[in-house]
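I hope they are handy while you have the viewer open.

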Amino acid sequence: MRVRTSSKGNYFGLCFILTVGLSACMSTGHVPIATNEPEAPVAASKSPPAPPSKSVSPDTGEARAGYHVVAAGETLYSIAWRYGRDYRDVARWNRIYKPYVIHPGQRVRLTPPKINTTPQHAAAKKTTTHPKPARTHPPVKPKESTSKAKKKTQSGPISWQWPAKGSLFKSNSLFAERGLDITGRFGEAISAAAPGQVVYSGGGLIGYGKLIIIKHSETYLSAYAHNSKVLVKEGDRVRTGQHIASMGRGTNGQAMLHFEIRQNGKPVDPLRYLPKRQL
């Protein structure tokens, strides 16, 4: 026998089913949604960008803290020149000995250490050691080698000459206060102002372009900047008047040579040393 149900009964039955289903969904906290599409993969959370690598500039950062980080191509002489220091002082502060070899990445102190660098145990050991008995015969002093004796006799006043022909150029640059700007023709010969040894040849000093530094004695250095072509390398011995470079252009675009003389690391007026001439 078939039981008939009224449309009104179907309506109440459907409402009952929907009410139960909605209650179940609310108890779980979400409503399931049927879909035939595959689930999209959850995007991985992006990690915060890595901080930029620290780039130490010779004129900032480490330099303000009294140090310079050696870059490729730099020498102890060029670093001392940059900061107006005597290369011998910089070497002593960092316990760098002749021939003053330094390496890229090395931290070079630019100021004297404030504390005694002698280890305490070494100082204590030094105070507790017993004095050696006096010698009965004075030690025989070895004779100086001929080369050293010859080197001593050659030391003395330096005979300077002009490194280039041309006129003096009045520049507003700070570098002009440290030396002379000599104008000329592009490619003109630049000569060594005195005999010595090349201790720097490169372009690592900002504002100097292609630069040559020559050591003439333990006291005096000279520099030749804004060269278009360099004809000598570090370690070369040069004589007075030797062609060492070709004139380039300064920061203002004019053909010129910037020439400096340093005494114990400090700039001096080259006109006090160069012979007088009509410019």
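1. A word on terms to begin: helices (H or I, at least four residues) and strands (E, at least two) are DSSP runs, numbered from the N terminus. This is a predicted model, in which local features need pLDDT of at least 70 and side-chain atom pairs count only at pLDDT 80 or more, while totals for chains, interfaces and linings use all residues. Residues are numbered from 1 along each chain as its sequence is written, and side-chain values use heavy atoms, with hydrogens and water left out.

2. Now the overall picture. The chain has 5 helices and 11 strands. Of its 279 residues, 31% count as buried (under 20% relative accessible area; exposed is over 50%, partly exposed in between, with a 1.4 Å probe and protein chains only). Taking contacts (heavy atoms within 4.5 Å) with a separation of 6 or more, 62% are between residues 24 or more positions apart.

3. Helix α2 is worth a look. Residues 76-83 make up α2, and 8 of its 8 residues are buried, including Tyr77, Trp81 and Arg82. Their cover includes β1 (67-69), α3 (87-93), β5, β6, β7 (220-230) and β10 (255-263).

4. Next, strand β5 and its partners. Two strands pair if DSSP finds at least two bridges between them. β5 runs antiparallel to β6 (residues 210-215), with 5 bridges, and here Tyr200 stands opposite Ile213. β5 is also antiparallel to β8 (residues 237-238), joined by 2 bridges; Gln197 has Arg237 as its bridge partner there.

5. A pocket here is an open set of points on a 1 Å grid over the protein atoms alone, where a 1.4 Å probe fits, with protein on both sides within 12 Å along at least five of seven lines; lining residues have an atom within 4 Å of a point. The lining has 15 residues, with Tyr77, Pro99, Tyr100, Gln197 and Val199 nearest the centre. α2 and β5 (196-202) are the elements that give two or more residues to this lining, and β5 gives the most, with 3. By class there are 8 nonpolar, 3 polar and 4 charged residues (nonpolar: Ala, Val, Leu, Ile, Met, Phe, Trp, Tyr, Cys and Pro; charged: Asp, Glu, Lys and Arg; polar: the others, Gly among them).

6. Which residues touch the most other members of the largest nonpolar core? They are Trp160, Ile190, Ile212, Ile214, Tyr224 and Ile244, out of 26 residues. Such a core is a set of buried Ala, Val, Leu, Ile, Met, Phe, Trp, Tyr and Cys residues joined through side-chain atoms within 4.5 Å. Leaving out residues up to four places away in sequence, Trp160 touches Ala193, Tyr220, Ile261 and Leu274, among others. Apart from this core lies another, of 25 residues, among them Ala80, Trp81, Ile96 and Leu221.

7. Lastly, Arg277, which sits in the segment after β11 (266-268). Arg277 counts as partly exposed because its relative accessibility is 32%. Arg277 and Trp162 are 115 residues apart in sequence and 9.3 Å apart in space, C-alpha to C-alpha. Arg277 touches Trp162, Ala164, Lys165 and Gly166, not counting residues up to four places away in sequence.
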